[in-house]
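Subject: Handover of a structure and the findings

Dear colleague,

Please find the sequence and structure below. I would be grateful if you could read the findings alongside them.

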Amino acid sequence: MAEVIVIGGGVGGMACALLLARRGHQVRLYEQLPRLGGKLAEHRRDGFTFSTGPSLLTMPELFRELGLRRELVEPAELCRYRFADGSVLTARRDPERMAAEVERLAPGEGAAWRAFHDWARGCLDAAGRTFFTGPLNRPPRAARPRDLLAVAPAATLDGLARRYFRDPRLRQYVGRYATYAGSSPYRAPAALGCVPALEHGQGGWYVPGGLPRLAEDLATLLKEAGVLVHLSAPVEAVTASGDRVTGVRLAGGGHERADAVVAGVDAAALYGRLLPDRRRFRRLARLGLSSSAFLLMAGVEGRTPGLAHHTVLFSGDYEREFADIFDRREPPSDPTVYVGCSAVDDPGQAPDGAENWTMLVNVPARDPARWRIGVDAYRDLVLERLAGHGLDLAGRLRFVDVLTPADLRDRYGAWAGAIYGSAYRGRLAPFLRPGNRGPRRGLYLVGGTTHPGGGLPMVTLGARIVAGLLAEDFGDGPGDGFGDSPGGGSGGGPGDDPGGGSGGSRAGVVR
């Protein structure tokens, strides 16, 4: 058994610490903030609650396997997409209902969506056998030659969309999945097109009380597993002797010895500051930064008839929008706006007769002080975009609070405020991100800036990969740490039928 230090209490770090403790290792976790959860956070004001991180949960079985028992709600719609011409596509979980919605929007394209969804399922299956199962420094044992072809390695996401759809609105809908990795559909690999297989298979779920409740549940499991958690305890450096790590040096002074260190921090922070490595830092710089976020949190008076839990208001020129973000490095002049209102399914998230609107725009990872337009002016531009889509909040706003790339940088140590670290730029981009085993013996990486990527499911899969690597290097007890607590284990729960999603919000249990 090993003494392990985990740096960072985001979901990836928490899940990794939990798995390692269940395998019998002695685990200490150090988090610089006074709370756990990382970007899985919330903002509260005047009776309103806003999630400032993930807004929906996919692959809930990963959290069941960790031992979480939490009721989930499935919104009636996955998302409502509103295009610049005023047309609307309502995304349903059930593939047949979704194909019917596509056919209603663009006659003749329903069959094309079925074919696209079949491709997405094949891509996801291939990723499950390869990309999601282990580190990138060796080929997975289950890899097959056909798995490479299944992910359309020569295509970008936009190229994939053009292969299946004639209607430009449907290409824009597919391109939206690049933003799940902070990237441009015109440069990101087609493999990101596997996401619809998740959304139209296992669904997209909401946690009553907000997704940050998952972080609270993980914190309870850490305590039960015997993990020693230190909050408000920033780490100044990872220490090493020769080719092996020896522990960490705390910002408050003192050295904490360990056999292994798991860095659940931004990879750029690891290689730029905690354990400087110029070659790896330069490699990250060459990959380029993912996008960041401009987030408005508005207390809205009254209820909006027909408002969905998740709404996307598309821009009129998608190519120009991403050129603004990644080439001109300025916030888009005509942005796509995501609108989330959890009070639609969870009225307790806002005072009676009011709504909690979260409005997110993809912007470059750059300090807003260097934008040509100021933060207040850009806030007003986003609100004007909403009004142009028929969602005019004039006279209804109690307040609007703003979170910018600078806040992400300062709160979480995100490199320049980039949400996902490196962008998926180029067809081989997923294989160029930092791996889970570091350059020194006993050093491991987990979290949204490393393999297999960002988002709640991916960082949890990354935690499983790191736990397996550490087992190879140090040995541990039987089992993989999943399902070792009451309520653990995989298997379906209520609401896991892929044919669901009809009617009103559905309930299920992470169990």
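The notes that follow cover conventions, strand pairing, salt bridges and surface charge.

This is a predicted model, in which local features need pLDDT of at least 70 and side-chain atom pairs count only at pLDDT 80 or more, while totals for chains, interfaces and linings use all residues. Residues are numbered from 1 along each chain as its sequence is written, and side-chain values use heavy atoms, with hydrogens and water left out.

Strand β13 (residues 292-301) has nine of its ten residues buried (under 20% relative accessible area, with exposed over 50% and partly exposed in between; 1.4 Å probe, protein chains only). Strands are DSSP E runs of at least two residues, and helices H or I runs of at least four, numbered from the N terminus. Ten bridges join β13 to the antiparallel strand β16 (residues 354-363), where Leu295 is partnered by Leu360. Six bridges link β13 to β17 (residues 397-403), also antiparallel; here Gly299 stands opposite Phe399. Strands pair if DSSP finds at least two bridges between them.

The count of salt bridges (a side-chain nitrogen of Lys or Arg within 4 Å of a carboxyl oxygen of Asp or Glu) comes to 35. One of them joins Asp334 and Arg385 at 3.0 Å, N to O. Asp334 lies in the loop between α12 and β15 and Arg385 in helix α13, so this pair ties together parts 51 residues apart in sequence. Arg385 is buried, at 15% relative accessible area, whereas Asp334 is partly exposed, at 26%.

Yours sincerely
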